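Have the model open beside you as you read.

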Amino acid sequence: MDEMTNGRDLAPVLDRVDRTLEASLERLFDFLRIPSISAQPAHAGDCRRAAEWLRDELAAIGLEASVRETAGHPMVVAHDRTADKSAGRLPHVLFYGHYDVQPVDPLELWETSPFDPRVVRDEAGARIVARGASDDKGQVMTFVEALRALKAEYGALPLRVSLVIEGEEESGGANLLPFLKANRDELRADVALICDTGMLDGGVPAITTALRGMVGEEITIHCANRDLHSGIYGNAARNPLELLSWILASVRDHDSGRVVLPGFYDGVQDPPAEVRDQWRAIAPSDAEFLGPVGLSVPAGERGYTAVEQTWCRPTFEINGISGGYAGDGFKTVLPAQASAKVSFRLVSGQDPVRIREAFRAHVRAMLPADCTVEFVGHGGSSASVVPADGPGLGATLAALGEEWGRPAVTIGSGGSIPVVSEVRQALDMDSLLVGFARDDDRIHSPNEKYDLVSFHKGIRSWVRVLEALARDRRFAG
């Protein structure tokens, strides 16, 4: 494994990371002890305390760090201005993370206090257990500790680094986009580094290059002007639950699994054959992917694996239906209205506005003349894709592969990370999503954990990545 980077020997920095791991772990524990639950007003003071703690840590290693006010919880912004500019223009990276955490309920399912971090060692290895260990304090601290080691060994970073750490990611993040827009000139860089992602099973390092967008809709169909007796009015009066179920079922063709809305697949393209081949080689099989949730057969589009259906194909999902009587016992009611919550996960090429309009038009076209419908939109965002030749991607993959001793891969994600599109919208920047979480980290659940090897090698990985980005010719200017 080559520890030299453009004439600089990385071995002393990596050795420092190894020698000071216990001190790094103790700093992480101090961070984890702060119950910064952004969704609960009672913890507003703890969120500020977490922001101030992080500001002080960044200032202690020589960054210009400050706590910035928003309409909600504060942001932490920091800049390092010590990079050696003698070699010409240096790349500038913006690191994003969040210091807030999810609520801990149900508390009785935690084996120990969620804000009393500990290392558990057993036959499965060593893991850090605490709320926020993986999402996202452990991930944030891998980057901070890498900066600490580089500056301690060389006195300067190999490139320009800025950080923005928010405190509302777990409660909607309403103030991030306005903050980025208001501070565009200060925060704009060559590329954003986002750590809120993970690796594949077996410790395969990965960069998430495709995130799906989303459209959420709430639909309510009104028929009769009041609930009716099903014996007296059944058959004669329209049943909104039946009507709603029929309309929703018609959105997908059940033979092919495809969504039938006009224009739904306009602009949608499959990944290149070599990418699909790589995914099939590294990703779980259908049985492995679905088995843990008690299933085995993919239910979406025919001709795609379960992983492909979540990583690179759009979807339509019914998230909930309500109406009529659902209490104890039995009531023969014909309800006056019925409601559903539905969502579309979108891939590159799809316009969320057009998808919403197509869905509403489909519903209205199937509605009988004496029934009405109401729609309430719940968010709409486009998919995010990092191009295969995007700045920094190749260098970062190579650096991760060097550290983990196996080729790093690019993967997709079925979910959405709003900050990626917000960084694009506000700062006109691409993002590299690099994280070291595992699928079994139990984020948002009791007994959240972060593997000790993820923390340790995560620090070492960032050392290598920052050095690799510093010499990436794609940033030359």
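E317 stands opposite S343 in β15. In this predicted model, β13 and β15 (residues 337-346) run antiparallel, and eight bridges join them. Strands of a sheet pair through backbone hydrogen bonds, either parallel or antiparallel.

Zooming out, β13 and β15 belong to an open sheet of four strands, ordered β13-β15-β11-β16 with antiparallel pairing. At its edges are β13 (315-323) and β16 (372-381), each of which pairs on one side only. From one strand to the next, the twist averages 15 degrees.

Which helices meet this sheet? Helix α8 packs on the sheet, and helix α12 lies across β11, β13, β15 and β16. Here they are together:

| Helix | Strands | Angle |
|---|---|---|
| α8 (residues 240-249) | β11 (213-222), β13 and β15 | about 15 degrees with β15 |
| α12 (residues 352-365) | β11, β13, β15 and β16 | about 165 degrees to β16 |

Now for the domains. The chain is divided into domain 1 (4-211 + 383-476) and domain 2 (213-268 + 314-381). Their C-alpha centres lie 40 Å apart, and the contact takes six residues from domain 1 and seven residues from domain 2.

How much area do domain 1 and domain 2 bury between them? The value is about 420 Å², with 48% of it on carbon and sulfur atoms. On the domain 1 side, A383, V385 and S416 lose the most area to domain 2, together accounting for 76% of what that side buries. Across this interface the rule finds zero salt bridges, and also zero residue pairs in polar contact with both at pLDDT 80 or more.

Definitions and conventions:
Residues numbered from 1 in each chain as written. Predicted model: local features only at pLDDT ≥ 70, side-chain atom pairs only at ≥ 80, totals over all residues. Heavy atoms only, no water. Pairing = 2+ DSSP bridges. Helix = DSSP H or I, 4+ residues; strand = E, 2+ residues; numbered from the N terminus. Axes fitted to C-alpha atoms, helices over the stretch in contact; angles between N-to-C directions. Contact = heavy atoms within 4.5 Å. Domains from an automatic or database assignment. Buried area = accessible area lost by both parts, 1.4 Å probe. Salt bridge = Lys/Arg side-chain N within 4 Å of Asp/Glu carboxyl O. Polar contact = N/O pair within 3.5 Å; in protein donor to acceptor, adjacent residues only side chain to side chain.
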